[in-house]
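Please open the model in your viewer and keep the sequence panel beside it. The tour moves from one selection to the next.

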Amino acid sequence: MTFDLDPRLTPARPDLADIRLRGQVEAQRFVEGRAARIVVPSAPLRRRPDPEAGLETEAVMGDAVTVYDIRDGFAFAQIARDGYVGYLPEAALGLADPAPTHRIAVLRSFIYPAPDLKRPHIAHLSLGAAFAAEAREGEYWRLGSGRYVFADHAVPLGRTEPDAVAVAERLVGTPYLWGGRTSLGLDCSGLVQLSLESAGLPCPRDADQQERALGTALPPGLEGLRRGDLVFWKGHVGMMLDADRLIHANGHHMTVAVEPLTVAVARIAEKSFGAVTSIRRLAATPEA
């Protein structure tokens, strides 16, 4: 018997599945995944083990993953933060330990080979990327790799932002990227996920999942909205900046942009996603 499971969140394929899915899916064999962690700044997750396949989402440094199979340079894996399943580059994976102690709290920062801002940087880290700080050396954290991150760009892992909408505002102008969820490129649900997670609020990855899981539904209509309310269309989501303005990553502007909600609603209804499907209010969202 095969159950109707969301393939985005189900670590299964015809030849192999998570052992916990025995009796729920059909597969030639069932395996116990092994724990790993993302050790590169960001890693693309694709639906197929093909570098030409479209980007589904991204994992960032510090993300915990469960690996079920590795073949031809790709790992069939599941990202712990939101359960997304797909293929990650094998080279992006490292040991699960040590667990991260700090996360990047600015839009982006750099990894240096030494605690010296004049040294050429090795890579960048996006907002939300995490690392295990081994020791403090002056103004820098030393990582287990022997590389360094500027300490004031990071906060302890449990420290969160007070306002998810303020995080989204900082990301205005970020280019639109289908499947993107870093400060170098975002899609609509990636913006919402990154903003909410920065404020300590767990969030699914895709807009339809967010619409089902987040907040409580408001009555139909565009009146009485407030900062932090989420507006959903089929396949799209934005966040209210205040009673009148929407912030969203969108393919019209090809950036994270702010515009009047009424303007966005009219354009989207005419050209792309149709009418608003729901508006949902999160608990304890600071008002403008």
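What follows is a walk through a helix, a core and a sheet.

This is a predicted model, in which local features need pLDDT of at least 70 and side-chain atom pairs count only at pLDDT 80 or more, while totals for chains, interfaces and linings use all residues. Residues are numbered from 1 along each chain as its sequence is written, and side-chain values use heavy atoms, with hydrogens and water left out.

Begin by selecting helix H2 (188-198), bearing in mind that helices (H or I, at least four residues) and strands (E, at least two) are DSSP runs numbered from the N terminus. Of the 11 residues in H2, 11 are buried, where buried means under 20% relative accessible area with a 1.4 Å probe and protein chains only.

Next, select Val192 and display its contacts (heavy atoms within 4.5 Å): beyond neighbours within four places in sequence, Val192 touches Cys203, Gln210, Leu230, Val237 and Met239.

Now widen the selection to the largest nonpolar core, which has 26 residues; such a core is a set of buried Ala, Val, Leu, Ile, Met, Phe, Trp, Tyr and Cys residues joined through side-chain atoms within 4.5 Å. Among the members that touch the most others are Leu171, Leu191 and Leu230. H2 gives the largest share, 5 residues.

Finally, turn to the open antiparallel sheet of 3 strands, ordered E14-E11-E18, where pairing requires at least two DSSP bridges. Strands E14 (130-131) and E18 (154-156) are at the edges with a single partner strand each, so one side of each lacks a neighbour in the sheet. Select Arg103 to find it opposite Ala130 in E14.

Methods
Buried < 20%, exposed > 50% of the residue type's maximum accessible area, 1.4 Å probe, protein only.
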